[in-house]
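Here is a short note to read beside the model. Please keep the sequence and the 3D view open while going through the points.

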Amino acid sequence: MSPTAIPKSINPPLILEDHPVDERLSIKAIVVGAGITGINAGILLPAKVPELKLTIYERHSDIGGVWHAHRYPGVKCDVPSHVYQSTFSPSTTWTENYSKGSEIKNYWKGLADKYDAWKFVQLNSEVLGAEWSKQKAKWVVNIKQTNTHSGESNTFQDEAEFLVLSTGRFSSPRLPDILGLDDFPGRVMHTGAWDPEFDPTGKRLALIGNGASGLQILPELQKVAAHVDHYTRNPTWVAGALGGEKLSREIPIAEELKARWAADSKEYHQYRKDLEAQAWTRFAIVEKGGAKNQSAREEFEKLMALRLGDRQDLLPLVLPEFAPNCRRLTPGPGYLEALTKLNVSYIRTPIESATPIGIKTVDGEERAVDAIICATGADVTNSPGFPIINGEGVNLQEAWHVGGDPGFPDTYLGMAAADFPNLLFLMGPNSGSGFAGTVPHTVETQITYIAKVLRKVSSQRIRTIVPSKSAILDFRAYCESFFPQTVLSEGCSSWYNNHIKGGRIVAVWPGSGAHVNYIRQEVRWEDYEYTYHNSQANRFGYFGNGWTKRDIAAKESVTAADDIDFTYYLKDEAHREGVDLRGYHEAWWEA
Ligand SMILES: Cc1cc2nc3c(=O)[nH]c(=O)nc-3n(C[C@H](O)[C@H](O)[C@H](O)COP(=O)(O)OP(=O)(O)OC[C@H]3O[C@@H](n4cnc5c(N)ncnc54)[C@H](O)[C@@H]3O)c2cc1C
Ligand SMILES: NC(=O)c1ccc[n+]([C@@H]2O[C@H](COP(=O)([O-])OP(=O)(O)OC[C@H]3O[C@@H](n4cnc5c(N)ncnc54)[C@H](OP(=O)(O)O)[C@@H]3O)[C@@H](O)[C@H]2O)c1
């Protein structure tokens with residue numbers, strides 16, 4: 001050995017990869033579902049993850065998710081339109097304070113146009129299953145694509161380094177398990193698969209369910225139907241509003257106001273801030289035994305009594321024993337008023353069966369109807385809607401289902417699962433803020449988190465990333481200790497607990513909207529386990545040959561300054577107002 005050579009202590013030595021460090025690996029992600037979440041993924045992921053290849057498969061014939069599929073009379077958002085919108089692309093043109101489903105759908109479709117997200121979307125494409133290939137380190141995904149003209153389907157496979165589920169909580173309508181329902185000769189329709197051709201005018205209807213959908217549809221059916229038998233298993237709280245208490249539900253937003261907002265962005269910005277703040281400050285209402293929960297109970301009791309008018313006999317039937325917010329609150333404008341009408345029967349007696357002419361309750365009474373409307377919600381187990389099989393043959397769909405092992409969605413922060421590498425969830429189990437914050441905001445921050453994961457994987461040439469089992473157990477322990485402090489753990493049936501009274505909370509985040517926002521801000525990389533593409537499994541393989549693309553460009557250019565910005569950190573504002581040091585030297589896209 002020459003006396004000047006640097007000694008090698010590692011044998012065999014690392015074979016340097018021949019590329020600059022900042023040459024990212026191009027990775028592909030398959031996103032399943034193009035509701036609000038999938039549309040946002042189609043906008044934000046390509047912006048935040050260089051070199052990302054993206055395909056979004058949507059089983060429906062259009063994007064929009066629940067806002068495409070739920071077309072029942074009266075479908076609207078129940079938080080203000082100016083809150084239920086993208087934070088980065090707000091609209092001053094909403095026609096109503098609480099917009100109709102069709103306007104919401106069109107708004108999100110407009111965003112897909114504006115940000116050119118359509119190019120990633122394949123419609124009429126249902127993901128049937130996915131299996132992890134250890135050898136390829138890819139998800140092999142089976143898709144059924146249907147030609148809407150011919151009705152013919154073909155099944156094919158696609159592969160990607162990442163599988164991201166944004167399949168929604170309420171996208172798979174669930175008909176009630178009622179004996180004889182299949183044999184009922186009249187129309188049986190779910191609110192989540194509404195046929196707009198169906199005309200309820202003059203018909204005798206049974207309406208089952210008093211979740212938000214049941215509360216929204218009843219006033220509309222009551223106006224036109226001959227009679228509505230409204231079957232409910234449990235009572236529910238009817239709240240005043242979920243933010244925006246002072247907004248009119250009847251009067252459209254004035255043209256003059258819209259024009260002013262369009263002309264004066266400051267005024268509109270302040271309006272949005274004030275309105276949206278109301279969505280963040282509600283959290284104390286979930287505290288078990290808390291003052292805000294108690295005052296909500298008193299307020300709602302008074303409001304419900306008032307809305308029932310002369311029909312105070314109904315009050316004991318509609319008032320729940322469980323605390324407000326044990327199940328998601330619903331403003332239900334017009335619902336209680338509709339219950340008081342002569343053509344509505346409010347029926348708490350349990351259903352025994354459907355019969356050839358209608359519905360029979362356990363007391364032996366049979367009521368004849370022309371159609372049965374099921375506002376009975378969705379499959380809210382929060383386990384995947386199709387088999388997802390890891391390299392060991394474990395099917396996540398079965399494992400998370402009641403009766404599986406562990407029999408509930410056992411996640412890392414609602415976004416990943418042990419033993420399932422490169423699998424991520426958006427608005428998955430225990431991930432969304434249920435009672436403070438907004439859905440669009442939480443969707444955006446989840447996608448941002450996932451973008452950081454994908455960026456790290458592609459820039460550091462990671463082959464697999466998976467949360468550690470110990471991190472998952474710690475999160476499970478946190479959930480199990482947090483929820484009993486809240487009214488969610490009381491004995492109500494709700495989509496929070498998969499309709500199991502007092503059961504495990506599988507849907508929402510264990511904390512406030514601000515809490516999850518804070519936590520998702522930083523990725524805890526130490527909670528993940530990694531493998532690398534480097535042939536010698538060296539984590540620093542991605543360091544490459546010691547060069548950056550800028551260095552190579554500088555070497556190859558005639559004059560060193562040719563379009564190569566090494567000094568991006570020198571900011572014009574440094575010698576004027578100064579730079580904001582909190583974020584200084586932290587912009588990943590500049591380095
Ligand atoms: C009627 C109704 C009203 C609501 N109102 C409000 C409100 O006012 N405020 C509020 O905050 N929230 C509301 N929500 C909650 C709503 O679910 C969320 O706000 C949000 O729209 C969810 O968007 P998403 O994209 O996550 O899910 P979804 O909209 O459910 O979209 C999921 C998509 O995944 C697709 N998909 C599922 N499985 C597959 C598969 N195997 N292959 C391919 N595609 C698949 C589905 O077809 C669907 O298009 C409402 C929900 C409903 C049902
Ligand atoms: N913007 C809005 O106003 C709006 C509208 C619709 C939906 N949403 C969102 O979507 C969520 C889900 O709402 P949802 O109404 O579709 O579903 P949901 O809240 O889960 O309500 C389903 C209803 O169906 C009843 N039900 C289910 N199976 C039944 C059976 N076999 N027999 C009798 N009753 C049965 C349930 O009764 P139990 O309670 O007894 O289990 C419950 O009342 C809402 O909480 C909200 O987040 C919002």
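**Notes on the predicted model**

1. Pro12 sits in the segment before strand E1 (28-32). The peptide bond that joins Asn11 and Pro12 is cis, with omega about 0°. This is a predicted model, and the points below should be read with that in mind.

2. A cis bond also runs from Asp405 to Pro406, where omega is near 15°. Pro406 belongs to the loop between helix H10 (396-400) and strand E17 (411-412). As background, most peptide bonds are trans, and most residues other than glycine have a negative phi.

3. Leu413 has a positive phi, near 55°, and is not a glycine. It is placed in the loop between E17 and strand E18 (416-417). Is Leu413 buried or exposed? Leu413 counts as buried because it has 24 C-beta neighbours inside 10 Å, and 20 or more are enough for that label.

4. Asn422 is another residue other than glycine with a positive phi, near 55°. Asn422 lies in the loop between E18 and strand E19 (423-425). Asn422 is buried, because 24 other C-beta atoms lie within 10 Å.

5. Strands E4 (residues 125-133) and E5 (residues 138-146) run antiparallel and are joined by eight bridges. Glu131 has Val140 in E5 as its bridge partner. Four residues lie between the strands of this hairpin, and Ala137 takes a positive phi near 55° there.

6. E5 is also joined to strand E6 (residues 153-160) by eight bridges, and the two run antiparallel. Gln145 is paired with Asn154 in E6 as its bridge partner. The hairpin of E5 and E6 has six residues between the strands, and Gly151 in the turn has a positive phi of about 80°.

7. The domain assignment of the protein chain lists domain 1 (31-172 + 380-532), domain 2 (181-243 + 282-374) and domain 3 (559-591). The C-alpha centres of domain 1 and domain 2 are 29 Å apart. Between these two domains, 27 residues of domain 1 are in contact with 31 residues of domain 2. The side of domain 1 that touches domain 2 has 14 nonpolar, nine polar and four charged residues.

8. Which residues are the closest to ligand 2? They are Pro176, Gly209, Gly211, Arg233 and Gly377, out of 25 residues that surround ligand 2. Domain 1 and domain 2 each supply at least three residues to this shell. Helix H4 (residues 212-224) gives the most, with four residues. By class, the shell has nine nonpolar, eleven polar and five charged residues.

Terms used:
Residues numbered from 1 in each chain as written. Chains lettered and ligands numbered in written order. Predicted model: local features only at pLDDT ≥ 70, side-chain atom pairs only at ≥ 80, totals over all residues. Near = placed C-beta within 6 Å. Nonpolar A, V, L, I, M, F, W, Y, C, P; charged D, E, K, R; others polar. Domains from an automatic or database assignment. Pairing = 2+ DSSP bridges. Contact = placed C-beta atoms within 7 Å. Buried ≥ 20, exposed ≤ 12 C-beta atoms within 10 Å, placed from the backbone.
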